[in-house]
Amino acid sequence: MLHTRKIIAVALAAALFAPAAKAEIAFDVIGGSEISFEGLVQADGNWFSNDIVDQNGQALNGKDTEFELRRAELVFKGKGPGAINWVVGHDVKAKKWLDVNAKYTIGGNSNNYIQIGQYKQPHSLEELSSTKNNDFIAKASITNGMTVARRLGVAAGTGDQNWSVMGSWFTRELTRNGNHGVGYGVRGTFAPINAGGNVLHLGLSYISRDTDGDALRMRVRPMADLATAYLVDTGNVTNVDSAATTGLEAMYISGPFKLQGEYMQTKVSGVTSARDFDTDGGYVSALWNVTGEKFGYKGGTPSLGLPDSPAAGMFQIGLRYDTINLNDGSFAGTPPKGTGVLGGEQDTWTLGANWYWRSNFKFALNYNKVTSSKFRTNVGNVNDDPSSITARAQIYW
């Protein structure tokens, strides 16, 4: 608790004294590198209304609450020397490394680069978008359950304001005991409309990786980051060799409105063909800046500026439908007879509101309604339909 209080105190001081027009604090110039300091602290509160499964192990009469520091990210960035930019980030709360890499810009164009170190892999519009500007508190099921996020590797990218291509070869996470598995990925985006505050974005990605120890587990929480229960879960599937995920993206921006959706399918290849199976899922969301601020677009991802009126802040409302299917019948052996992986299916409606106040603060409130179905041994098919209210207070600089 004392450690958490110290983090929050440092974050408040940094946010209050940071220049209003800057997202980072200038730190020093060393060896021709202009060093800046950034941070992100998020504190969450979850109010669960359970159905069958207790969502976080502390239920009392079907309801329980949870409050916890979600993230405490500290990041140093350097510009220079020359065409080299670098970043070192660490999440103190999760005790894991974030982006730790160096990027060499080719020809003075930030869209053309070579990158080495740990970075987000070229996969998923939501995963690659800024964490501090998440549309909803919990990311979509496919983002949490199917994507490959940060890994050590080498990448190259090119593009312009209307298109981008990135390719990557990667290995393990930098954090000790993190995810393993050698793989590669590629993502391409195209914006046939990108003018006058209107953007139509289309994207396609493919990522393939070896499984660690010839085993794979896919599961997602019931759209609440502090939940410890997983209503849909494949369990530890053994004798699998690799997993390949194809992702489709689409986004339309019109001034203060944003409509966004993704679909992913993961094909798992077994040591033998009898162990092959597929899973899929997707989401579609709509977001409206009620106070009129316009969304931006850069490098194949959306962007969001500061409130037009810092004292009043920027207010958003949004709605998302999310679905994931972790069932597959392509190999036999798991009851009932003739079926294969029985991870379950989960659908979620999320209604959300965000308030960005001044340059460094964000407050978010979500209502999540989940419907799920999963086959359980000796029980049969179980329908579990809980709901939750989630809240987040965020400080960033």
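# A tour of cavities, salt bridges and a surface patch

The structure holds three cavities of 30 Å³ or more. This is a predicted model, in which local features need pLDDT of at least 70 and side-chain atom pairs count only at pLDDT 80 or more, while totals for chains, interfaces and linings use all residues. Residues are numbered from 1 along each chain as its sequence is written, and side-chain values use heavy atoms, with hydrogens and water left out.

**Stop 1: the largest cavity**

Select Ser-129, Asn-133, Asp-135, Lys-258 and Pro-302. Of the 19 residues lining the largest cavity, these are the closest to its centre. The volume here is about 200 Å³. A cavity is a set of points on a 1 Å grid over the protein atoms alone where a 1.4 Å probe fits but cannot get out, and lining residues have an atom within 4 Å of a point. The volume is the space filled by probe spheres set on those points, which are joined across faces, edges and corners.

Strands are DSSP runs of E with at least two residues, numbered from the N terminus. By class, the lining has seven nonpolar, eight polar and four charged residues. Here Ala, Val, Leu, Ile, Met, Phe, Trp, Tyr, Cys and Pro count as nonpolar, Asp, Glu, Lys and Arg as charged, and the others, Gly among them, as polar.

**Stop 2: the second largest cavity**

Which element gives the most to the lining of the second largest cavity? Show β22, which contributes three residues. The cavity has a volume of about 60 Å³, and its lining includes Lys-362, Phe-363, Ala-364, Arg-392 and Gln-394. Both β22 and β24 give two or more residues to this lining. Its residues divide into four nonpolar, five polar and three charged.

**Stop 3**

Arg-392 sits in strand β24 (residues 387-396) and Asp-44 in strand β2 (residues 33-49), so the pair ties together parts that are 348 residues apart in sequence. A salt bridge is a side-chain nitrogen of Lys or Arg within 4 Å of a carboxyl oxygen of Asp or Glu, and a search of the whole structure finds 13 of them.

Are these two partners buried or exposed? Arg-392 counts as buried at 7% relative accessibility, and Asp-44 is buried too, at 5%. Buried means under 20% relative accessible area, exposed over 50%, and partly exposed in between (1.4 Å probe, protein chains only).

Next, pick Lys-267 and Asp-278, a salt bridge whose closest N and O atoms are 3.2 Å apart. Lys-267 lies in strand β16 (residues 257-270) and Asp-278 in strand β17 (residues 277-289), 11 residues apart. Lys-267 is partly exposed at 42% relative accessibility, and Asp-278 is partly exposed at 26%.

One more pair is Glu-68 and Lys-93, with closest N and O atoms 2.9 Å apart in their salt bridge. Glu-68 is in strand β3 (residues 63-79), and Lys-93 is in the loop between β4 (84-91) and β5 (96-106), 25 residues away.

**Stop 4: a nonpolar surface patch**

Switch to a surface view and select Trp-47, Phe-67, Leu-319, Trp-349, Leu-351, Leu-365, Tyr-367 and Ile-389. Together they form a nonpolar patch with about 830 Å² of accessible area. The elements giving two or more residues to this patch are β21 (341-357) and β22 (361-376). Leu-365, in strand β22, is partly exposed, with a relative accessible area of 46%. Patch residues have over 30% relative accessible area and no salt bridge, and nonpolar side chains (Val, Leu, Ile, Met, Phe, Trp, Tyr) are joined within 5 Å. Areas come from the Shrake-Rupley method with a 1.4 Å probe.

**Stop 5: backbone details**

Go to Gly-80 and Pro-81, joined by a cis peptide bond with omega about 5°. Pro-81 is placed in the loop between β3 and β4.

Finish with Met-223, where phi is near 60°, a positive value in a residue other than glycine. Met-223 is in the loop between β12 (219-220) and β13 (232-233), and is buried at 4% relative accessible area.

Note on methods:
Patches are made of residues with over 30% relative accessible area and no salt bridge: like charges are joined within 9 Å, nonpolar side chains (Val, Leu, Ile, Met, Phe, Trp, Tyr) within 5 Å. Helices (H or I, at least four residues) and strands (E, at least two) are DSSP runs, numbered from the N terminus. On a 1 Å grid over the protein atoms alone, a cavity is a set of points where a 1.4 Å probe fits but cannot get out, and a pocket is an open set with protein on both sides within 12 Å along at least five of seven lines; lining residues have an atom within 4 Å of a point.
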